[in-house]
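Subject: A structure for you to look through

Hello,

Please open it first, and then read my notes alongside it.

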Amino acid sequence: MAGHSKWANIQHRKGRQDAKRGKIWTKIIREITVAARAGGPDPSANPALRLAWDKATAANMPKDNIQRAITRGAGGADGDNYESIRYEGYGINGAAVIIDCMTDNRVRTVSDVRHALTKHGGNLGQDGSVAFMFQHCGQFIFAPGTSEDKIMEVALEAGADDVQTDEDGMVEVVCPPDQYAAVRDAFIEAGLKPEMEAIVMKPLNETLLTGDDATKMQKILDQLESLDDVQEVYTTAVFDETEE
């Protein structure tokens, strides 16, 4: 695994997300609207809305934008025909990909997802073809130099399953999805700010890609993430940062 750094890959992914902030806001607004319509406008009583609100806050979305999306959703004006759907597939060298979408037209979405995968050498799989390679969990990533002891004390007390530190000094906390809000609130109270946080599909193993394979895989991920109907993309692929 020479040259592979989980922290470098995390930073690379975060940088790409920051560069697409406008599109991210559009996706989050859709998620907020649909969550508010399905479960009501109160984040404390609607876990899906609470998570969407947290995503919006992490993306520095103004509170007025969030509230307008909640109002639209709760009033039933928007989001009526949207549904969540998950696609699974493969990228380069068997790297697994999970694509979570929110769509009002399944035919359009599956066509777009299939095209994004096949254009650069991937393919769409059947339901369940790669999901077993991932763990559904809450994940918090802390930058190197953050106190591992303090993180561990707070995380385990709040219901986290595991705390790991890698060779870079990056600290990763994993918790059950239903404990995500409690662990997040505990970190806030303790003054601990993660670099990244979300409920994710965390890969159980990684597929290291280098050279042309890494380039092709990044093109697949970029094209998938650029699709309007795609909310999140998860992959087992990691990249050798010495070649970027």
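Asp229 has a relative accessible area of 7%, and because anything under 20% counts as buried, this residue is classed as buried. Please keep in mind that the model is predicted. Asp229 makes a salt bridge with Arg108, and the closest N and O atoms of the two are 2.9 Å apart. Since Arg108 belongs to helix H5 (residues 106-119) while Asp229 sits in the loop between helix H8 (211-226) and S9, this pair ties together parts that are 121 residues apart in sequence. Arg108 also forms a salt bridge with Asp104, where the closest N and O atoms are 2.8 Å apart. Arg108 is partly exposed at 33% relative accessibility, and Asp104 is likewise partly exposed, with a relative accessible area of 39%.

One of the pairs is Lys55 with Glu232, whose side chains meet at 3.5 Å, taken from N to O. Lys55 lies in helix H3 (residues 47-58) and Glu232 in strand S9, so here the linked parts are 177 residues apart in sequence. Elsewhere, Arg50, Asp54, Arg184, Asp185 and Glu197 are linked in a network of salt bridges.

Strand S9 leads on to the sheet. In which order do the 4 strands of the open sheet stand? The order is S3-S1-S2-S9, and the pairing is antiparallel. Strand S3 (123-124) and S9 are at the edges with a single partner strand each, so one side of each has no neighbour in the sheet. Even so, S9 (residues 230-235) is mostly covered, with 5 of its 6 residues buried, although Glu232 is partly exposed at 26% relative accessibility. Strand S2 (residues 96-103) is joined to S9 by 5 bridges, and Asp100 stands opposite Glu232 in S9.

Asn93, in the loop between S1 and S2, has a phi near 55°, which is a positive value in a residue other than glycine, and Asn93 is exposed, with a relative accessible area of 57%. On the surface, Glu148, Asp149, Glu153 and Glu157 gather in a patch of negative charge; Asp149, found in helix H6 (residues 148-158), is exposed at 61% relative accessibility.

Best wishes

Technical notes. Residues numbered from 1 in each chain as written. Predicted model: local features only at pLDDT ≥ 70, side-chain atom pairs only at ≥ 80, totals over all residues. Heavy atoms only, no water. Buried < 20%, exposed > 50% of the residue type's maximum accessible area, 1.4 Å probe, protein only. Helix = DSSP H or I, 4+ residues; strand = E, 2+ residues; numbered from the N terminus. Pairing = 2+ DSSP bridges. Patch = residues over 30% accessible without salt bridge, like charges linked within 9 Å, V, L, I, M, F, W, Y side chains within 5 Å. Areas by Shrake-Rupley, 256 points an atom, 1.4 Å probe, with all protein chains shown as cover. Salt bridge = Lys/Arg side-chain N within 4 Å of Asp/Glu carboxyl O. Lys, Arg positive; Asp, Glu negative; His and termini not counted. Charge placed at Lys NZ, Arg CZ, Asp CG, Glu CD.
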